[in-house]
Amino acid sequence: MDAMTASSDGRPAVHLIDGSLYVFRAWHSMPDEFFDADDHPINAVHGFTRFLCELLERVQPEHVAVAFDASLTSSFRNAIYPAYKANRELPPPALERQFVMCRAITEALGIHVMIDHAFEADDLIGTTVWGLRAMGWRSVIVSADKDFGQLLGEHDEQWDYARNTRWGPLGVHERLGVHPHQVADYLALCGDAVDNIPGVPGIGAKTAAALLTHFGSLDALLERVDEVTFLRLRGAAACAVKLREHGEMARMYRRLTRIALDAPSAITPDLLVRQSRDSAQLDAICEQLRFGAFTRSRLRAQLR
C-alpha cells in the first residue's frame, strides 16, 4: 500500500482528487479514436478511467473523494468579478457528455463525488480538508494546481500524479517563494492568467514573493505601502505607485484567489469511505462505453 495512506504519527489520510483537471488532461492528450455505443467520442473518459484505476491500484485508499467542476460561469466568484475565467471557452457538448460519464464511473466504483454549481472543485476540496483536519485527519490533494498550496497544513500533502511529485507546506515555499497562508495574497498581487485574474500591473511572481516575505500579508503591505519605495527592490518606487492605485483591486482579487472553506457540505470520514457497489451498474456503463476486456477487469477489481 502507498506510504501516503497514513503518516508516521498515525493520522489517517483522505485522498481528494481534482477530477476536472484529469478529465481535461485526458481530453487534450488521448487520441480521438474511442467511441461509445452511440458513436459519441469518449477519449476523455478513457484517459480519466485509466488514471483513476492506476491511482486506486497504487494507493488502495479507504477514504477518497473526487471533486468535479460544474461552475465555470455560475461560481460565486463570477458575481464578484464577471471577467473571472472569461478567457476560457465553455466545454463543447462532446466534453460535457464525457464529464457526466466520468462522474458515473467514479460513483459506480463506490467513490464519493463532490460537485456544486456555486462552488468550484477547489472550494469543495478546501472545505473538506478544513473540516477533516479538525477531526485529526490529514489530506492528500491529488492535483497539479498551484492554488491548492494554500490548503496545506503541517501534515497534508499535494500530489502531482502525472509527474509523481509530492510536497507539503515547505514545498509550497520552494515553488512559489511564499508560505501556504500567503498563497492567496501572492496570486492576488501577481495575478493568475489561467483564471483571468490580472493582479497588480508591473508586479510579477518574484516581486510578489519578495513583498510578502517582507510585509507578511497583502493587508500589511497596503497599510505600509509608503515603505515599499525604500526596499532594495528593482523598480520599488514604481511598484509603490501601482500598489496605491490598485490596492483595492488587489483586495478584490484575493476574494477570487482564496479557496472557500465554507462550501455547503456535511463531509464526515464515514461519507468518504469507499462503498460497496453492484457490478451490474458498472457492467452497464462499460457496455455503453464499449470498454475492452482489460479495462473492464481493472474496474471490476476495484469494486468493494
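Me: What follows α4, and what is its phi like?

Reply: Helix α4 is followed by G110, whose phi is positive, near 80 degrees. Please keep in mind that this is a predicted model.

Me: How many residues does α4 have, and how far does it reach?

Reply: Helix α4 covers residues 93–108, which is 16 residues. From its first C-alpha to its last it reaches 23 Å, close to the 22 Å expected at 1.5 Å a residue.

Me: Which residues of α4 are buried?

Reply: The buried residues of α4 are L95, Q98, F99, M101, C102, A104, I105, T106 and A108.

Me: And what covers them?

Reply: The cover includes the helices α1 (19–29), α2, α11 (279–289) and α12 (293–301). The strands β2 (64–67) and β3 are also among the elements that cover these buried residues.

Me: Let me pick C102. Why does it count as buried?

Reply: C102, which lies in helix α4, has a relative accessibility of 0%, so it counts as buried. The cut-off for buried is under 20%.

Me: What does C102 touch?

Reply: Not counting residues up to four places away in sequence, C102 touches V23, A44, V45, F48 and F68.

Me: How far apart are C102 and P82?

Reply: They are 20 residues apart in sequence, and 29 Å apart in space from C-alpha to C-alpha.

Me: You mentioned F48. Which aromatic cluster is it in?

Reply: F48 belongs to one aromatic cluster with Y22, F51, F68, W159 and Y161.

Me: How many aromatic pairs are there?

Reply: The count comes to 8 aromatic pairs. One of them is F48 with F51: the ring centres are 6.1 Å apart and the planes are at 50 degrees, so the pair is tilted.

Me: Where do F48 and F51 sit relative to each other in α2?

Reply: They are 3 residues apart in helix α2 (residues 43–59), which means that about one helical turn separates them. Both F48 and F51 are buried.

Me: What about the rings of F76 and F119?

Reply: Their centres are 5.3 Å apart and their planes are at 45 degrees, so this pair is tilted. F76 lies in helix α3 (residues 76–80), whereas F119 is in the loop between β3 (112–114) and α5, so the pair ties together parts that are 43 residues apart in sequence.

Me: Is F119 buried or exposed? And how does F76 count?

Reply: F119 is buried, with a relative accessible area of 15%. F76 counts as partly exposed, because its relative accessibility is 26%.

Me: Changing topic: which residues lie over the faces of W159 and W167?

Reply: R166 lies over the face of W159, at 4.5 Å from the ring centre. Over the face of W167 lies R175, at 3.7 Å from the ring centre.

Me: Now the strands. In which sense do β1 and β2 pair?

Reply: Strand β1 (residues 13–18) and β2 pair in the parallel sense over 4 bridges. A67 in β2 is the bridge partner of D18.

Me: How many bridges join β2 to β3?

Reply: There are 3 bridges between β2 and β3, which run parallel. V113 in β3 is the bridge partner of V66.

Me: Which residues lie on the two sides of β2?

Reply: V64 and V66 are on one side, and A65 and A67 are on the other. All of these are buried, and both faces of β2 are covered. In a regular strand the side chains alternate between the two faces of the sheet.

Me: What is S20 in contact with?

Reply: Leaving aside neighbours within four places in sequence, S20 is in contact with A67, F68, D69 and F99. A polar atom of the S20 side chain lies 2.7 Å from the backbone nitrogen of D69.

Me: Where is S20, and is it buried or exposed?

Reply: S20 is in helix α1, and it is buried, with a relative accessible area of 2%.

Me: Last one: where is D123, and which side chain does it make a polar contact with?

Reply: D123 is in helix α5 (residues 121–133). The side chain of D123 makes a polar contact with the side chain of R77, at 2.7 Å. D123 counts as buried, because its relative accessibility is 0%.

Me: What else is D123 in contact with?

Reply: Apart from neighbours within four places in sequence, D123 is in contact with F76, R77, I259, A260 and A263.

Methods:
Residues are numbered from 1 along each chain as its sequence is written. This is a predicted model: local features need pLDDT of at least 70, side-chain atom pairs count only at pLDDT 80 or more; totals for chains, interfaces and linings use all residues. Side-chain values use heavy atoms; hydrogens and water are left out. Buried means under 20% relative accessible area, exposed over 50%, partly exposed in between (1.4 Å probe, protein chains only). A polar contact is a pair of N or O atoms within 3.5 Å; within protein, one must be able to donate a hydrogen and the other to accept it, and residues adjacent in sequence count only if both atoms are side-chain atoms. Contact means heavy atoms within 4.5 Å. Rings of Phe, Tyr and Trp (its six-membered ring) pair if their centres lie within 6.5 Å; planes under 30 degrees apart count as stacked, over 60 as edge-to-face and the rest as tilted. A charge sits over a ring if NZ of Lys or CZ of Arg is within 6 Å of the ring centre and within 35 degrees of the ring normal. The expected span of a helix is 1.5 Å times one less than its number of residues. Two strands pair if DSSP finds at least two bridges between them.
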